[in-house]
Amino acid sequence: MTAPRTPPPAPAEEPAEGDRLRDMLRTPGYLKLLFLCALIGIPVSLAAFWFLVALHQLEHVMWAVLPEALGWNEPPWWWPLPLLLAAGVLVALVVTRLPGAGGHVPASGLHAAGASPIALPGVVLAAVVSLPLGATLGPEAPLIALGGGLALLFRDLAQAPATPQSTIILSAAGAAAAISAIFGNPLVGAVLLMEVAGVGGPQLFAIMLPALLSSGVGELVFTGFGRWTGLSTGSLALDLNAPFPRLDAADVLWALVLAAVMGVFMHLVLAGGRYASVYVAKRPVAHTAVCALAAGAFGALYALVTGNSPADVASSGQAAMGALAADPQAWGIAALIAVLLCKGAAYALCLGSLRGGPVFPALFLGAAAGLLFAPLPGLGLVPGLAAGMAAAAASALRLPVSSVVLVVLLLGSGAMIPVVIIAAVVAFVVTELLPPGPEVPPAGKAVAAPAAGAK
């Protein structure tokens with residue numbers, strides 16, 4: 001007769017999420033890391049402030065001071081051609097000669113990780129020769145890389161322990177401090193970094209607390225230095241001259257249509273950026289220059305067709321979006337269609353070839369589309385702008401929560417929240433259901449063209 005088997009011991013119950021979070025907060029190492037994030041937020045924010053000031057001043061020189069010095073009230077139609085050709089050549093040299101390849105290719109989206117300290121010079125230089133010369137990109141991706149890389153550099157200088165957890169947390173906190181002011185609110189930077197990181201549970205809190213703390217410190221530094229120096233870094237704040245209406249069924253229905261249209265449109269733009277990145281990877285120097293020059297040609301074409309400044313296309317759209325929202329009557333239907341097509345094409349080319357971020361041009365394209373849809377029966381200017389910007393941002397970033405927070409804060413009111421949420425979700429789903437296009441090759445690595453006759 002066999003002896004009865006002893007039942008295996010019951011597995012020990014894992015601690016609840018709340019208990020794990022409490023244990024993490026009581027860890028001396030984590031509290032020291034939190035304090036280090038607050039301290040690091042100060043020098044990182046100072047560096048980001050002067051970086052943005054330099055970009056803003058250089059762009060002003062290239063697109064306002066220099067044309068006026070040569071006798072033009074605004075840049076002539078051909079102005080983007082030599083500037084963007086120079087940008088393409090210079091970025092290609094940075095990508096192929098310096099460590100880090102000038103940062104990641106913008107067509108691959110936003111990355112939560114900062115640049116390694118050795119890659120920082122290339123990241124800064126690539127942004128400086130891209131953005132002021134007319135790249136249809138924004139400064140947020142270089143800022144994320146700069147903030148995260150500087151945080152890791154300061155950790156190494158302070159000889160703090162380098163662990164995988166501290167690397168992730170410090171990189172996210174430094175990035176949040178760097179981008180806190182470019183979006184006009186520290187909350188946007190923290191939420192964006194958390195959504196990009198894609199973590200949950202206690203790990204979410206482990207990253208969220210330092211990111212919030214560091215971005216708050218960063219906003220204080222930005223605000224103080226902006227007042228003390230009188231220098232501007234640019235702002236996304238919209239000065240709407242139209243009242244906020246009460247939402248009705250027509251607003252919601254048109255928001256659904258606009259979101260679906262923008263989802264398809266932005267998908268085509270982003271797929272174009274991926275194809276451009278594949279083309280550039282085959283011959284980085286020559287093809288980067290070709291793509292940059294083609295982006296400049298779309299700016300020149302827009303200026304020739306509309307008589308407006310080519311800077312509406314060959315720029316991030318940060319300044320133009322404020323002008324568009326403040327004086328929508330200055331834009332006719334033909335000009336809005338032209339800027340959507342030309343800026344969308346230039347945006348795709350720059351996403352695959354130059355260095356910068358995807359947020360600002362996407363917001364401008366969404367605002368232009370919202371303004372184009374605004375005259376439809378029952379829609380109006382403010383709901384159109386809200387739905388257009390939310391849809392474009394969610395499609396371009398693949399970050400619906402961050403897109404909603406960003407657009408609501410830009411509008412300065414919660415009156416449009418239902419339309420913003422609906423548009424962001426619909427556009428995100430539409431974009432995700434469509435085929436994404438080719439994979440973006442790693443930055444700085446040439447990809448051989450397929451041999452003739454190869455399948």
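**Trp 78 and beyond**

Modeller: Let's start with Trp 78: Trp 78 is partly exposed, at a relative accessible area of 31%. Keep in mind that this is a predicted model.

Biologist: Where does Trp 78 lie?

Modeller: In the loop that runs between helix H2 (28-69) and helix H3 (80-97).

Biologist: Which residues form the nonpolar patch on the surface?

Modeller: Trp 78 belongs to it, along with Leu 66, Leu 70, Trp 72, Trp 77, Leu 301, Leu 304 and Val 305. Together they have about 760 Å² of accessible area.

Biologist: And which helix gives the most to that patch?

Modeller: Helix H10 (residues 284-306), with three residues.

Biologist: Zooming out, how many helices and strands are there?

Modeller: The protein has 16 helices and zero strands. It has 455 residues, and 51% of them count as buried.

Biologist: What about the accessible surface?

Modeller: About 19500 Å² for the protein, with 68% of that belonging to carbon and sulfur atoms.

Biologist: Switching topic: at what angle do H14 and H15 pack?

Modeller: About 145°, and the axes are 9 Å apart. H14 covers residues 381-397 and H15 covers residues 400-411.

Biologist: Left-handed or right-handed crossing?

Modeller: The H14 and H15 crossing is right-handed.

Biologist: Which residues meet there?

Modeller: On the H14 side, Ala 386, Met 389, Ala 390, Ala 393, Ala 394 and Leu 397. They meet Pro 400, Ser 403, Val 407 and Leu 411 of H15.

Methods
Residues are numbered from 1 along each chain as its sequence is written. This is a predicted model: local features need pLDDT of at least 70, side-chain atom pairs count only at pLDDT 80 or more; totals for chains, interfaces and linings use all residues. Side-chain values use heavy atoms; hydrogens and water are left out. Patches are made of residues with over 30% relative accessible area and no salt bridge: like charges are joined within 9 Å, nonpolar side chains (Val, Leu, Ile, Met, Phe, Trp, Tyr) within 5 Å. Accessible areas come from the Shrake-Rupley method with a 1.4 Å probe; for residues, only the protein chains shown count as cover. A salt bridge is a side-chain nitrogen of Lys or Arg within 4 Å of a carboxyl oxygen of Asp or Glu. Helices (H or I, at least four residues) and strands (E, at least two) are DSSP runs, numbered from the N terminus. Buried means under 20% relative accessible area, exposed over 50%, partly exposed in between (1.4 Å probe, protein chains only). Axes are lines fitted to C-alpha atoms, for helices over the stretch in contact, and angles run from 0 to 180 degrees between N-to-C directions. A crossing is left-handed if the near helix is turned anticlockwise from the far one by less than a right angle, and right-handed if clockwise. Contact means heavy atoms within 4.5 Å.
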